[in-house]
There are 2 protein chains.
Amino acid sequence: MDSFHALLTLFQRHERFALSTHVNPDGDAIGSELALSIFLSKLGKTVRLFNTDPVPKKYQFLPYWENIENAQASVNFRPDVFVILDASSRERIGPFLNSRLVAKHAVVNIDHHITAETFGDYNIILTSVSSTSEIIYNFIKTTHIAIDEEIAICLYTGLMFDTGCFRYSNATSETHRIAADLIEIGDFAPDEVYSNVFEHIPLGKIHLLNQTLRTLKLTTDGKIATIFITQSMLDKTKTTLDDVEGFVNQIQAIESVQVAICVCELPDGNSKVSLRSQGQVDVAALASEFNGGGHERASGCRINRPYNDSIRMLVESAKHYIKD
Amino acid sequence: MDSFHALLTLFQRHERFALSTHVNPDGDAIGSELALSIFLSKLGKTVRLFNTDPVPKKYQFLPYWENIENAQASVNFRPDVFVILDASSRERIGPFLNSRLVAKHAVVNIDHHITAETFGDYNIILTSVSSTSEIIYNFIKTTHIAIDEEIAICLYTGLMFDTGCFRYSNATSETHRIAADLIEIGDFAPDEVYSNVFEHIPLGKIHLLNQTLRTLKLTTDGKIATIFITQSMLDKTKTTLDDVEGFVNQIQAIESVQVAICVCELPDGNSKVSLRSQGQVDVAALASEFNGGGHERASGCRINRPYNDSIRMLVESAKHYIKD
């Protein structure tokens, strides 16, 4: 691929690299970032990694994670090339890095999100692949550098994370073939990677889940399910809104449910909403009624109302989408 | 492979086939059974399927599931060959089929379990593969019959189910390559298969999960977690012991936990125990203290004591395995 060729040429021509990714980094962000840094080191380059947020504990099994420095550490570093991975927009790397880290020669933007902006001097945006890790895999395959054990575990982690362990619609046959390749190269147990990535849950999250399930309500036909999370529930369980991730999927899984609604009370008293469907209902259309968006089966919106008002409004609107 | 060749020869030589699998059939049981029946039909054979238990609603998206008859329907059918899939032992197909369905020529036993008994005239037992579906895939690949869309979705379902959606240690690179192949052949959406297989949960199970999470207790160091399920909780939520599946994984996922213990009260007042580990502790060794068994990370036992006594005994024993 031409853009991969141009990218390799750019990498070969320069010596000093900075890499970064989005705030609140996930498995694909960290996996693709570390994999590319290992690749560049093999080319003999000077590589430094700067992230706004620290590496979550669950990703501290990955090789060289401790090389990721905080944003402030970049203050006296002037890279030739600044590579930003998986970030969607330049702003999402955080304000300090965004304003203070300046590349002498070029900014490279590597991303797979459909919302990705072309903010780089080089933009490798491939929206048909599962993850930024899949792009890095395909890129390295076009070079003379071999994917080694260390690169393999980083890329497999990114692939696994962004496909929800091969269960989302972005897990294509190509994704599985890459996973097979990485498992063969890597000296890692895929079930242990799974355990690290998906089963490293703070105790408070379990207590929050328990509190949240107590709020479960279904419409009389069983087709609309709602749960809510209040600030007081977060306080009591010492959790944050990040810990709510995945809760809406638990009620989406109830066999009678066509629309699953999860409403979080924000600190300002307004509502953050997640919507899920098993396929009968297009919840992106439902979200758009509230100026939100997303996919047919997973969408969201914000409503400037308290959580109980929001639930009432959402259930009323959702009723129009229900199939018999 | 020789045994595959012998199996194909056997299939070609005979005309009337009966297929069955274990009681309480899961995705691999039904997936491999349906895939083989489609294959045999393509060879022009008469094929009938008899299961002791009905096809669970969540598998009723698979092609020809409605061809699976109940055990009693086999009463006047005398097959040349009786193929038993994924059953571990002859008895596990259920008493009626076990005693009343007699093959004129041969019984074929196809299985991947390490506990599989060699009860057949032909025994294709491969314990290094993920699933019986993976064996059927490999078998069909050695023949002149192509894997078509209908066979593909059945085998993918079996593969996905038995690997916990590619997250258990049996999901090898070979499993991923087969999944890739099946996705390419099949006219199905993997995320919809996932949704059918893993997200088709009765409402009562969510209520039971909620009740169960209220019983969560951790030792003061946070390293041993226990939950329990009583008969009265099952009654109240209109659920059965089958619905408890997966609960122990939720507490195993708590980041501090080395040993997760789930104790179910049986109808006779005794205890059925599931044990899980994130890898530091060998819970098979712990289970063996109570005459149970299993794997390092997942094991179980029965204790002839009430659930609260069992929890106390298990926690005391588990303490000796905890790592600092």
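Start by selecting B:Glu316 and B:Lys319: their side chains meet in a salt bridge, with N and O 3.3 Å apart. Keep in mind as you click around that this is a predicted model. Now colour helix α12 of chain B, residues 307–319, and you'll see that B:Glu316 and B:Lys319 both lie in it. They sit 3 residues apart, which is about one turn of the helix. Buried or exposed, or something in between? B:Glu316 is partly exposed, with a relative accessible area of 43%, and B:Lys319 is partly exposed too, at 44%.

Next, hop over to chain A and pick A:Arg305, A:Asp309 and A:Arg312. Here salt bridges share partners, and they join these three residues into one network. Why do such pairs turn up? Side chains of opposite charge can pair when their charged atoms come close.

Now for a pair that crosses between chains. Select B:Arg177 and A:Glu184, whose side chains form a salt bridge with 2.8 Å from N to O. B:Arg177 is in helix α6 (residues 173–185) of chain B, while A:Glu184 is in helix α6 (residues 173–185) of chain A. With a relative accessibility of 28%, B:Arg177 counts as partly exposed. A:Glu184 is partly exposed as well, with 47%.

Stay with chain A and select A:Glu15 and A:Lys45. What links them? A salt bridge, whose closest N and O atoms are 3.4 Å apart. This one ties together distant parts of the chain, 30 residues apart. To find A:Glu15, look in the loop between α1 (2–13) and β1 (16–21); for A:Lys45, look in the loop between α2 (27–42) and β2 (46–51).

Last stop: a sheet in chain A. Show the cartoon and trace the strands in the order β7-β8-β9-β10-β12-β11; these 6 strands form an open sheet with mixed pairing. Which strands are at the edges? They are β7 (217–218) and β11 (293–294), each pairing on one side only. Strands of a sheet pair through backbone hydrogen bonds, either parallel or antiparallel.

Zoom in on β10 (residues 271–277) and β12 (residues 298–303) of chain A, which pair in the antiparallel sense over 6 bridges. To finish, click A:Val273 and look across to β12 of chain A, where its bridge partner is A:Cys301.

Key. Residues numbered from 1 in each chain as written. Chains lettered and ligands numbered in written order. Predicted model: local features only at pLDDT ≥ 70, side-chain atom pairs only at ≥ 80, totals over all residues. Heavy atoms only, no water. Pairing = 2+ DSSP bridges. Helix = DSSP H or I, 4+ residues; strand = E, 2+ residues; numbered from the N terminus. Salt bridge = Lys/Arg side-chain N within 4 Å of Asp/Glu carboxyl O. Buried < 20%, exposed > 50% of the residue type's maximum accessible area, 1.4 Å probe, protein only.
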